[in-house]
Amino acid sequence: MNKNLLSNRVKNMPESATLKMAQMARDLKSRGVDIVDMSLGEPDFDTPADIKERAKIALDEGYTKYTPVPGLPVLREAVIHKLKRDNNLDYNMDQIVVTNGAKQAIANICLALLNPGDEVVLFTPYWVSYDSIIKIAEGVPVIVSAGIEQDFKILPEQLEAAITPKTKLVLFSSPSNPTGSVYSSKELEELAKVLKKYPDIHIISDEIYEYINFGKGHASIAAFDYLKDRVIIVNGMSKGFAMTGWRIGYMAANAEIAKSCVKIQGQFTSGANSFGQVAAAYALNHGIYNEMVDKFNERRKVFIKLLKEIPGFKVNEPTGAFYLFPDISYYFGKSNGKITINSSIDFSEHLLNDAHVATVAGTPFGAPECLRFSYATSMENIIEATKRVKEFAKGFEQ
Ligand SMILES: Cc1ncc(COP(=O)(O)O)c(C=O)c1O
């Protein structure tokens, strides 16, 4: 075995905790164990039928070839229309890049903008892939943390304290994975005022959960004129349209950044899939599919109520995405006579093995005191899962 086979880049990447958990759950399921899966990061709904229909027609129309690297004009136009209609933001064609999911947009941006040692301020808890993508691009993540007592939202003074002469980017998602927290326009304005003072810093605003919002509506940090040119909006079809497998995302940025991302993308993927882009244009022109969002909201309300009934669980009431992220640190150091819980990883692994509920520990999201539950599953599963968690947690109460 050649010990130099693998690059340092890949050797230094931690094993994905979410994938490990999914594998453990799959192994148990294959042995016939009845697992309630609350670990999923994707809508449990199928893509709406009219969107699928549009893709089938696009195939018959001959959309089977490479598209322009930045995306089909019809989709870039639909993105521009969407950004005006939903966000009151003006963009031109040369500012929009269609990508293989929002994830690739983030990778493009980090590879296009970061030099080794450049710092990226990461609002924490963060989505797991941010940390790895920044490191692959040889950037340095700088963690700024907010706990459940501040609804997992970063305050302007925290942001300012994290900025150094090496800061190149600020990266956050709202609505957030893993917390479900949504920044209001007022809260974003406070952050924008800090960033106004640092003209060399750019902001990646990941808005992939924009449509899964049960509060007062979506706000983008690009809405502040003095900042817009430095904000890179990342969004896509995966969550709001239940199109995770289609791999279509997009970004909107100033033309220089957009062009540099097209350059990277041209070498890595040549662009996103053709017929999916036609269907994505159709979906964006249609706008939000409310039925799905209403279902998520019904589940959210029930799930919050049920989780709050579990002793020791600190639960907030997030208004976006489809996750709850309770603080379970009350259980650290506690034993049920058989096992002792010392971390959220312990809690989630034992919960899976003993109570057969799959969750994701907060550790890979930068919040070891929390546990991520996804309610992208049936109401029946939500009720059953909380029953099991309650019973499991009771064992540690003596
Ligand atoms: C915050 C966040 N951004 C981006 C993505 C990736 O989305 P896509 O499927 O468009 O690559 C996810 C997926 O889980 C996410 O949670």
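# Close-up views of the cavities, pocket and loops

**View A.** The largest cavity is lined by Phe123, Thr124, Pro125, Tyr126, Phe152, Phe172, Ser173, Ser176, Thr179, Ser181 and Tyr183. The model shown is predicted: local features need pLDDT of at least 70, side-chain atom pairs count only at pLDDT 80 or more, and totals for chains, interfaces and linings use all residues. Residues are numbered from 1 along each chain as its sequence is written, and side-chain values use heavy atoms, with hydrogens and water left out. A cavity is a set of points, on a 1 Å grid over the protein atoms alone, where a 1.4 Å probe fits but cannot get out; lining residues have an atom within 4 Å of a point. The volume of the largest cavity is about 80 Å³, where a volume is the space filled by probe spheres set on the points, and grid points are joined across faces, edges and corners. Strand 3 and strand 5 each give at least two residues to this lining; strands (E, at least two residues) and helices (H or I, at least four) are DSSP runs numbered from the N terminus. The lining comprises six nonpolar residues, five polar and no charged. Here Ala, Val, Leu, Ile, Met, Phe, Trp, Tyr, Cys and Pro count as nonpolar, Asp, Glu, Lys and Arg as charged, and the others, Gly among them, as polar.

**View B.** Most peptide bonds are trans.

**View C.** Phe152 has a positive phi, near 60 degrees, although it is not glycine. Most residues other than glycine have a negative phi. Phe152 is located in the loop between strand 4 (140–145) and helix 7 (156–162). Is Phe152 buried or exposed? Phe152 counts as buried because its relative accessibility is 5%; buried means under 20% relative accessible area, exposed over 50%, and partly exposed in between (1.4 Å probe, protein chains only).

**View D.** Ser270 also has a positive phi, near 65 degrees. This residue sits in the loop between helix 10 (255–268) and helix 11 (274–286). Ser270 counts as partly exposed because its relative accessibility is 29%.

**View E.** The largest pocket has a volume of about 1200 Å³. A pocket is an open set of points with protein on both sides within 12 Å along at least five of seven lines. Of its 44 lining residues, the closest to the centre are Thr18, Lys103, Trp127, Val128 and Ser129. Helix 2 (17–30), helix 5 (101–113) and helix 6 are the elements that give two or more residues to the lining. By class, the lining of the largest pocket holds 22 nonpolar, eleven polar and eleven charged residues.

**View F.** The second largest cavity has a volume of about 60 Å³. The structure holds two cavities of 30 Å³ or more. Lys82, Ile208, Glu210, Tyr211, Asn235, Gly236, Gly240, Phe241, Tyr250 and Leu284 line the second largest cavity. Its lining has five nonpolar, three polar and two charged residues.
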